[in-house]
Amino acid sequence: MAAAPSHPASPDESLPGVPAGSPPVSPLVEALKKLLKARGMTYRQLALRMRLSEPSVKRLFSTGRFTLARIEEMLQILESDFLELARLAGAGRQAVGELSEAQEQALAADPILLGVAYLLLTGSTPARIRTQFEIGEVELVGALAQLDRLRIVDLMPGNRVRLRVARNMRWRPDGPLSRRYRAQAIGDLFASSFAQPLEKIRFLAGELTPASIGLLQKKLDLIAAEFSELMELDAGASPRERRNAGLVMAIRPWTFPVVAELRRR
């Protein structure tokens, strides 16, 4: 059966502030692509559900000329809503991905402050922190106020917060957090047999050229970016559906110590 043709957008259907012929609305397009990827759906599958041709759907994404009706239709197919779409679109404009030395120093010096910041960055709300962890109301509000002063969050009425840093905030190389907690965090993460269903470990070693090492570094960056995207997508899921997860990726010129000892003989 032939796919139904796409209906032309009427002026009152067009997105506000997006005149015909304008360039793609990048944050919106990227947010829709993230939703599509998270649902494991291809352009072809989306086109079939929308009763459009695959080229028509690809054209929508390439031009960014979505009508409100089309966006609503896509969100229904993707089992999402405008709130999640807006959150994903805004995620790309989030603030810095690395804290300053002073910000890290403040967190490293106060385990409670660091714990609250970590929970907020990984999707918890102040209300959930208060009910699920051993922290009093006064202590929690004090931590939120300090995070606001550090410009890590914006503290809003009702003790709600808005993040001012990316959820995938990086620790500074050899910064206060790395110096104090990296060995502890990595040691705790690897204290496992990695035999459970949601656990996996791979250890590889061998001789590579610098070019091959550089290629693998780029692939690690891609995996880190995908981890961040999934964090943003899963932030809209129920807390009961989410699990805390740790992912470590590393590569460097390195020789297995047993082999290094043989060289010294």
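Colleague: Is Tyr43 buried, partly exposed or exposed?

Modeller: This is a predicted model, where local features need pLDDT of at least 70, side-chain atom pairs count only at pLDDT 80 or more, and totals for chains, interfaces and linings use all residues. Residues are numbered from 1 along each chain as its sequence is written, and side-chain values use heavy atoms, with hydrogens and water left out. Buried means under 20% relative accessible area, exposed over 50%, and partly exposed in between (1.4 Å probe, protein chains only). Tyr43 has a relative accessible area of 25%, so the label is partly exposed.

Colleague: And what kind of aromatic pair do Tyr43 and Phe61 form?

Modeller: Rings of Phe, Tyr and Trp (its six-membered ring) pair if their centres lie within 6.5 Å; planes under 30 degrees apart are stacked, over 60 edge-to-face, the rest tilted. There are five aromatic pairs by that rule. Tyr43 and Phe61 sit 5.1 Å centre to centre with 55 degrees between the planes, and that pair is tilted.

Colleague: Which parts of the chain does the pair link?

Modeller: The two residues are 18 apart, so to speak, in distant parts of the chain. Helices here are DSSP runs (H or I, at least four residues), numbered from the N terminus. Tyr43 belongs to helix H2 (residues 43-50) and Phe61 to helix H3 (residues 54-63).

Colleague: Why is the pair of Phe61 and Phe66 edge-to-face?

Modeller: Phe61 is buried, at 5% relative accessible area, and Phe66 is buried too. Their ring centres are 5.3 Å apart, and the pair is edge-to-face because the planes are at 85 degrees.
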